[in-house]
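Here is a short briefing on one protein model. Look at the sequence and the structure first, then read on.

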Amino acid sequence: MTTLAGKGLLFGGCVALGILTGLGRLRRVACLADFRRSLSGLARELTFSLRPLPELAEEAAGTGPAGECLRACRRCFLAAGGESWAESWETVLRETDLPLSDEDRGLLVEFGQVLGRYDGESQQRALQALLDRLGEQVETARQTARRLVRVDVTLGVTAGLFCLILL
């Protein structure tokens with residue numbers, strides 16, 4: 001009886017690992033899409049308003065992970081005395097547990113280097129370039145997830161069955 005329960009738990013663990021790996025890929029797609037949406041709102045705000053960046057970021061922040069990052073960056077920026085938006089942005093991205101790849105984080109950090117440092121037009125161009133690159137990242141992540149989520153789940157089930165056969 002104990003052996004049967006152990007086999008069931010081992011099988012379930014392998015399947016769960018496969019499913020969780022697949023869900024992690026889907027979370028990355030959702031997170032990137034959310035950043036794209038929030039930063040697109042920020043781009044619109046920059047186009048039509050010359051208010052300070054912290055105010056614009058607060059208005060552009062949505063409810064997802066990107067919105068949380070923008071709000072956290074605003075708090076960090078104001079706590080540091082309004083010295084450097086880029087440092088606040090990089091700190092928040094580094095400390096926040098987001099399902100992003102190193103390439104995704106690098107892209108967002110690079111954007112932070114421009115935001116708040118240059119004139120409105122330069123910021124808009126940088127933001128548009130970021131949105132284009134984020135769009136490419138979202139599409140690449142979506143294609144990867146579409147292709148590999150089934151593989152992850154299948155590998156989890158197969159590993160579970162393999163463990164059942166061996167034990």
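Is D152 buried or exposed? D152 is buried, because its relative accessible area is 9%. Buried means under 20% relative accessible area, exposed means over 50%, and partly exposed lies in between (1.4 Å probe, protein chains only).

This is a predicted model, in which local features need pLDDT of at least 70, side-chain atom pairs count only at pLDDT 80 or more, and totals for chains, interfaces and linings use all residues. Residues are numbered from 1 along each chain as its sequence is written, and side-chain values use heavy atoms, with hydrogens and water left out.

**Helix α4 and its cover**

- Helix α4 spans residues 85-95. Helices (H or I, at least four residues) are DSSP runs, numbered from the N terminus.
- Buried residues of α4 are W85, A86, S88, W89, T91, V92 and L93.

**Salt bridges**

- The structure holds six salt bridges. A salt bridge is a side-chain nitrogen of Lys or Arg within 4 Å of a carboxyl oxygen of Asp or Glu.
- One of them joins the side chains of D152 and R25, at 2.7 Å from N to O. D152 sits in helix α6 and R25 in helix α1, so this pair ties together parts that are 127 residues apart in sequence.
- R25 is partly exposed, because its relative accessible area is 28%.
- R133 makes a salt bridge with E110, and their closest N and O atoms are 3.0 Å apart. This pair links distant parts of the chain: R133 is in helix α6, E110 is in helix α5, and they are 23 residues apart.
- R133 has a relative accessible area of 37%, so it is partly exposed. E110 is partly exposed too, with a value of 44%.
- R142 forms a salt bridge with E139, with 3.7 Å between the closest N and O atoms. Both residues lie in helix α6, three residues apart, which is about one turn of the helix.
- R142 counts as partly exposed because its relative accessibility is 33%. E139, at 35%, is partly exposed.

- R28 lies in helix α1. Its side chain has a polar contact of 2.7 Å with the side chain of D104.
- A polar contact is a pair of N or O atoms within 3.5 Å; within protein, one must be able to donate a hydrogen and the other to accept it, and residues adjacent in sequence count only if both atoms are side-chain atoms.
- Which residues does R28 contact, leaving aside neighbours within four places in sequence? They are P99, S101, D104, Q137 and A141. Contact means heavy atoms within 4.5 Å.
- Q137 is in helix α6. Q137 is buried, because its relative accessible area is 10%.
- Q137 touches R28, L32, E103, D104 and L107, not counting residues up to four places away in sequence.

**Cysteines**

- How many disulfides does the structure hold? The number is zero. A disulfide is a pair of cysteine sulfur atoms within 2.5 Å.
- C73 is in no disulfide, and its nearest cysteine sulfur, that of C76, is 6.5 Å away.
- C73 is buried, because its relative accessible area is 0%. C76 is partly exposed, because its value is 27%.

**At the surface**

- D97 is in the loop between α4 and α5. D97 is exposed, because its relative accessible area is 70%.
- D97 and P65 are 32 residues apart along the chain, and their C-alpha atoms are separated by 9.5 Å.
- L10, F162, L166 and L167 make a nonpolar surface patch of about 430 Å².
- Patches are made of residues with over 30% relative accessible area and no salt bridge; like charges are joined within 9 Å, and nonpolar side chains (Val, Leu, Ile, Met, Phe, Trp, Tyr) within 5 Å. Accessible areas come from the Shrake-Rupley method with a 1.4 Å probe; for residues, only the protein chains shown count as cover.
- L167 lies in the segment after α6 (120-166). L167 counts as exposed because its relative accessibility is 59%.

Technical notes: Helices (H or I, at least four residues) and strands (E, at least two) are DSSP runs, numbered from the N terminus.
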